[in-house]
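Please look over the structure shown below, and then read the numbered points beside it.

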Amino acid sequence: MSTGKALQQSVMQQPEPGNSPKAGGRLARLFRTENMMLAPAIIVLASITIFPFFYLIYASFMNYALAIDDPTFAGLRNWVRLFKDPAVAHSWKVTLIYAVAGLALELVLGVGMALLLYSTPWGRNIFVTLWMLPIFVAPVVAGLLGWFLLNSSYGLYAWILQLLGLNIDIFGNASTALPAVILIDVWEWTPLITLIVLSGLQSLPTEPLEAAEVDGASYWQKLRYVILPLSARIIVVALLIRSMDIMRFIDKIFITTAGGPADSTKIIGMRLFEVAFRFMDIGYAAAIGLSMLFVTILLGQAFVKVMYGR
Amino acid sequence: MATVSFKNVYKKYGDQTVVKNLNLEIKDQEFIVLVGPSGCGKSTSLRMLAGLEEVTSGDIYIGDTRVNDMPPKDRDIAMVFQNYALYPHMNVYDNMAFGLRLRKYSASEIDRRVKEAAAILGIEHLLERKPRELSGGQRQRVAIGRAIVREPKVFLMDEPLSNLDAKLRVQMRAELAKLHQKLKTTCIYVTHDQTEAMTMGDRIVVMKDGVVQQVATPSELYNNPKNIFVAGFIGSPAMNFIDCTCIKENDEVCLVNEDGFKFLINDKKLADKLINYHNKKLVFGIRPEDVRGVPGESSKENCQRVRVDVVENLGSETLVYVSFGKQTIVCRFMGSPKHKVGENITIALSPNRYYLFDKESGVSVID
Amino acid sequence: MKKKFLLLLSCIAILSLLLVGCGGEQAKEKEDQKADVASGKLVPGPFKAVEGLPVIEAPEGFDWKQFEGVELNFISENTPPSSAIAANIEEFEKATGIKVNIQQMDLGTLVQKVGLDFAAGSSKYHIIYADPYQVLAKYSSKLVDLNEFINDPTLPSIPGGLEDFIPSQLKIDGYMGSEDKLYALPYDCPTMVLAYRTDIMEAIKEDFMAEKGYDPTPNPDMTWEQYYEVAKYINEHADELDVKYGTGHQAKQYDSLMCDFSNVLAAYGGDYFKNRNLGGIGAANPGEADLTSPEAIEALKFYDKLLKIAHPGSKSWDWNGLAEAFAAGEIAMAPEWHEFASMFENPEKSKVAGKVAWTTLPKGPAGSSNIFGGTGIAINANCSEEEKKAAWLFLVWATSPQTQLMVLESPVGGATPSRTSVYELPKVKKAMEDPASEEAKKMPNLTSMKATLEAWKEENSYGRPKIPQWPEADTIIFTELSKMLAGQQDPEATAKSINDQLNTLTGN
């Protein structure tokens, strides 16, 4: 019966001349010059992002632990392990502290510095340049700098702490190592927040600010009721960028503590690195990586909602 | 409500002097307009009064208080900005209430004032809207409303109408004038549009290059401009100027130039005064409405044979651009056009409504 | 980061396909030429021979230049011998016409790169610095069985034979699971021994002896408890001494922590697994973990106690951090890799030059244990036949006694020869006996060599378990140890945690 219907349809379609140019048109549209010109870019993009992404999903269902060049199907093993692994849970906990504390400090300092620079009457460029220096330093170098400064044999800060009678090793102590790496991150990335927020501030219309002054606002009132609400979006953008990076950038931790002591600085990115490149357990690493991607997407969504929600 | 005075006020940015020795006494309840081309220092003067710019030297008083070093919030002024300067993240109600809230008025008082101002401006139905949902005219009303609710000593308006289209501008002009009559708050209004200045101001301050040219009522300014700049700036179409030389011939004082221009000074007193200007360069000025067309090739005195270049029909009147030699003159004739382009006609210059300025200093020779 | 890795993987895969294709054809041609080589008589190769050492020989008529134009990549940890080899590679390149690119990096990166190379089935790296635990144990199937070449009469043989390598090193570096296949030739062999400051020991000797009744100067008979006592004594008298702490350790949450602890563990008679033979040729399945044995618990307790009085920086130092602190004069005694001797004796890098002496690590109830950290060099099985043979020539040359001596004497080297014959050279012997001699100044690495040779003896040497799961096992061990040192868990809980995780990891 169904074949009869199909036959009927095809018979009905065939004599209709209007249909075939339409189908041809679609194909022609696909090969239009502009599409052809875009094709190389799309193909390159697809091969460097989309293909690896699907490969990652595939890898997360495979077991590479026994033979790295000959994976076997592992079913949900990697994913079950991901949710049951106390080490991963611990790393997420560390990541949460690291990210929340780091972002909070960077936000407060970054916005504060941006406001300060924004109201600096002269020499703003020089201050901005000086303040921005850490961004231009490679993260590895930032880690090394932190390491040198805090090193207990020859570090400047360690020496100062020793003069103050505090004889602790900052990276060797589970309670101080995490704050230390957070502070290095803050040192390096606060200027980025400043840069983004400052550019936002500089593009604010001046008239509402002057209106507020005439309306009777003190500096703090102006800040609270006009400047901050008007630059909220740009601040959220800065935070979004940083929150995505803070999970992934492990250079500093790699250099200074390697995740220790007692796993106190092993953020999820560091754990991923370890599973992927030390244990060469690509399947499990893929699962961890995808979970990070998922969290990043959720975070991004949340930030976008905040941004357009107001 | 209060008086405002500027005393020897200067404003400099580095080497550049933007406002030069500004002296101005503004009376209580007065509506005063600062007018001039862009860059003349009018906005800067207003912003110094608002406290948004520092005063380089001199003093500014509101009432009896010297306000030079007082922050804007303490000056009890309200300002309306060219770009409205509404707070984009607040609705209309909050925009208007903001200043009152900062001053810790009670909620009921704020509500009363906002509603009242909204009623005056006809924006009661917009109170919940955000500025981006309003038209330009509505935004400007909100900006004015924000100033009104404060019931300040002085209103400052910085080109408030220049972002509106022509029709709306005329309408708002009238409304602002009406509003001022109602509130009677001292108002300082900055504009580059002489029509706005002429129609709204009790007195007008004409400024150029940071220097006050003349402070006077609109009619005084129109009739007795102190110098060539004011004469040219006030009135539309602008006054015609003809460069000429003063000569004395057989007891008669004449103004002539090489294009065949000749104007006989009838006024005896003026003629006596012009003796000093013998053979010197003067600028003869006459407003377009003071030029008449006369029939025939009249050779009567103060008549001039000219060629018609352009005819602009404005309905109730006609602007005719004529020329002789290198000189062009705009004439304003009542009614619809009677002349054709290319035609040669004779015009008569009014024998008693004309202006004379020293070519060198630009100062009026007639007092 | 994951994405990048996979992209790399696919790139490598494509590239390697291309490379393998070309390599194969070339090899065929050379094969024909080689058929003429006569067998039987051996003649010295085109290298400068050193008196007293076995020379590099090849069958008569062997064309040393037959692989001319082949380019080999040698991936190595950034260790002194590779720096020295790199500085002297000209000799090999001139003699064979083979171009060798030496890429040096830290061990972690090396393991990653080699892993990726194997994963892609490619041979981006032809000659591999095969760490016994992180490369050999896991990837032995990806390495060429060197017996192929040793038994091939047409190729140069190992000068002096396999017997000239130090036997324990050949076992650890060369074999995996059984002695059927030889995967690597011993190349370097850092070993942990005890470095101490002679000036400090002299300063405290008299008072200490009066108080405790024995000589505080570390010696082969010192026990760990005595070591603890001396360290503590120095801490208490640090004000009067030119030092801050008695002992320092490489106890960062890192591989170094496992090494440092292993010395104590083995000295107390414990080990990570019940199977005590894993340290030699290793095994694919180690069997049950053994950290909860009374001996291991004792070791954990002692190590925890020892680290409490160690320099507080210890918990943030790997071997480099420890060496810097020791060179800065911060600590009086430290279990450290013997190859740092040249750094300690270099006045530009060290405040303690001339004041350092070395001995084997202190004894526990089961004697002294000094962890061995040597490595061999191996050939990637994915190489073309021609590349494999060219690589073999390099292996023969690089591990030959004369090259090992060159490395020892090199100003950029200062590494440890893996050849018995080198240590029997009179000048080497003299440098080891007399640290003040001219020879010792030329080869500062040898100041620690006497203690190291002692440490290599069967009864003093400790080899960590050589199992494919070692990178994970290592991480479990040092992470849990780090938690113990941070005061988050006691030694018993640490032992149990390590045991459980090791058993889960190995499926026992």
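1. Strand 16 (residues 303–313) of chain B pairs with strand 19 (residues 344–349) of chain B in the antiparallel sense over 5 bridges, where strands are DSSP runs of E with at least two residues, numbered from the N terminus, and two strands pair if DSSP finds at least two bridges between them. Within this pairing, B:I347 of strand 19 is the bridge partner of B:Q304.

2. This is a predicted model, in which local features need pLDDT of at least 70 and side-chain atom pairs count only at pLDDT 80 or more, while totals for chains, interfaces and linings use all residues. Residues are numbered from 1 along each chain as its sequence is written, and chains are lettered from A and ligands numbered from 1 in the order in which they are written.

3. Strand 16 of chain B also pairs with strand 17 (residues 317–324) of chain B, in the antiparallel sense and over 6 bridges, with B:V310 standing opposite B:Y321 of strand 17. These two strands form a hairpin with 3 residues between them, and B:G315 in the turn has a positive phi of about 90°.

4. The contact between the chains takes 14 residues from chain A and 18 residues from chain B, two residues being in contact if their C-beta atoms, placed from the backbone, lie within 7 Å. On the side of chain A that touches chain B, helix 10 (206–215) and helix 11 of chain A are the elements that give two or more residues, and the largest share, 7 residues, comes from helix 10 of chain A; helices here are DSSP runs of H or I with at least four residues.
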